[in-house]
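Have it open while you read, and go through the points in order.

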Amino acid sequence: MTSASTNVPAVPTAASPGREIAVRCRAVTKTYGTGNSAVKALRGVDIDVHSGELLMLVGPSGCGKTTLISVIAGVLDRDGGECTVLGEDYARMRSDAKTTFRGRNVGFVFQAFNLIPTLTIAENVSVPMLINGSPRTAAMKAAKDMLAQVGLGERVNDIPSRLSGGQQQRVAIARALVHQPRLLVCDEPTSALDHVTGQKVMELLRQVASAHELSLVVVTHDQRIFEFADRIAEMDDGHIMRITAGSGHKVAAHGAATGAGR
Ligand SMILES: Nc1ncnc2c1ncn2[C@@H]1O[C@H](COP(=O)(O)OP(=O)(O)OP(=O)(O)O)[C@@H](O)[C@H]1O
Ligand SMILES: [Mg+2]
């Protein structure tokens with residue numbers, strides 16, 4: 001089902017010359033359910049995410065943001081259109097190859113932190129490494145190093161319930177980054193946080209993205225963090241309607257934000 005791109009306004013989806021493209025979506029569709037209860041969540045999404053950029057995805061509740069980042073992260077299959085991530089197409093991968101690819105290259109930060117309550121935060125952060133087959137000692141070392149990078153080096157043996165919301169979100173970010181993915185998708189990472197903590201979390205993401213040439217897609221309703229975006233993609237009713245330069249358009253610092261829209 002790729003015909004849903006009718007009536008889509010022209011949007012500047014193409015990457016600027018010379019920028020590597022991490023994610024390329026064309027006419028991506030996704031419908032939940034069938035018959036009368038069918039919900040067309042994505043009606044023909046066109047978007048590129050450049051290597052090393054922070055793209056924010058905004059739009060009203062129910063417009064398809066979580067669905068889109070789930071397709072991009074490979075945790076949900078699209079129905080139609082094209083989508084390549086780091087040059088690969090999940091639709092052409094066998095299930096085990098997809099799991100391996102995702103395990104190596106993609107991180108996901110959920111709105112709810114989804115930490116395992118009975119494990120220490122270092123054990124929580126080590127999980128993606130263990131899934132990728134790392135020995136426990138190496139996984140725990142990487143987890144502790146990553147926790148130190150997010151400012152929680154002194155708390156590695158605490159369980160999640162002893163941490164504040166912002167600290168738990170930082171653990172979730174450490175967990176999403178510990179295996180050094182090239183693409184990180186975050187679903188409303190600051191919505192449970194106060195303003196100052198939200199800013200700190202975004203600064204951390206921004207800093208890690210710049211240091212590791214990581215591509216970041218951040219879903220948010222939080223206008224206070226728009227300043228961190230290279231570009232902002234506005235979604236409505238299953239389409240990308242517009243892409244604009246973010247107010248923190250740091251081309252010189254990151255070299256990642258050209259080719260923004262109108
Ligand atoms: N598992 C599902 N089964 C059926 N319909 C679903 C499912 N997940 C999402 N939907 C529907 O698909 C549409 C898009 O949902 P999605 O979660 O992508 O929206 P969203 O933009 O992330 O919204 P919010 O800002 O509220 O999180 C909505 O109409 C939603 O009700
Ligand atoms: Mg959502």
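**Notes on strands and a helix**

1. Strand 3 and strand 8 (residues 231–236) run parallel and are joined by four bridges. Across that pairing, Leu55 has Arg231 of strand 8 as its bridge partner. Two strands pair here if DSSP finds at least two bridges between them; helices (H or I, at least four residues) and strands (E, at least two) are DSSP runs, numbered from the N terminus.

2. A word on provenance: this is a predicted model, where local features need pLDDT of at least 70 and side-chain atom pairs count only at pLDDT 80 or more, while totals for chains, interfaces and linings use all residues. Residues are numbered from 1 along each chain as its sequence is written, and chains are lettered from A and ligands numbered from 1 in the order in which they are written.

3. Strand 3 (residues 54–58) also pairs with strand 7 (residues 215–219), in the parallel sense and over four bridges. There, Leu55 sits opposite Val217.

4. Which way do the residues of strand 3 point? Leu54, Met56 and Val58 go one way, Leu55 and Leu57 the other, and all are buried (20 or more other C-beta atoms within 10 Å of the residue's own; exposed is 12 or fewer, partly exposed in between, with C-beta atoms placed from the backbone).

5. Strand 5 (residues 106–109) is covered on both faces, with Val106 and Phe108 buried on one side and Gly107 and Val109 on the other. Four parallel bridges pair strand 5 with strand 6 (residues 183–187), and Val106 partners Leu183.

6. In helix 1 (residues 65–73), seven of the nine residues are buried, among them Leu68, Ile69 and Ile72. Gly74 follows helix 1 with a positive phi, near 80°.
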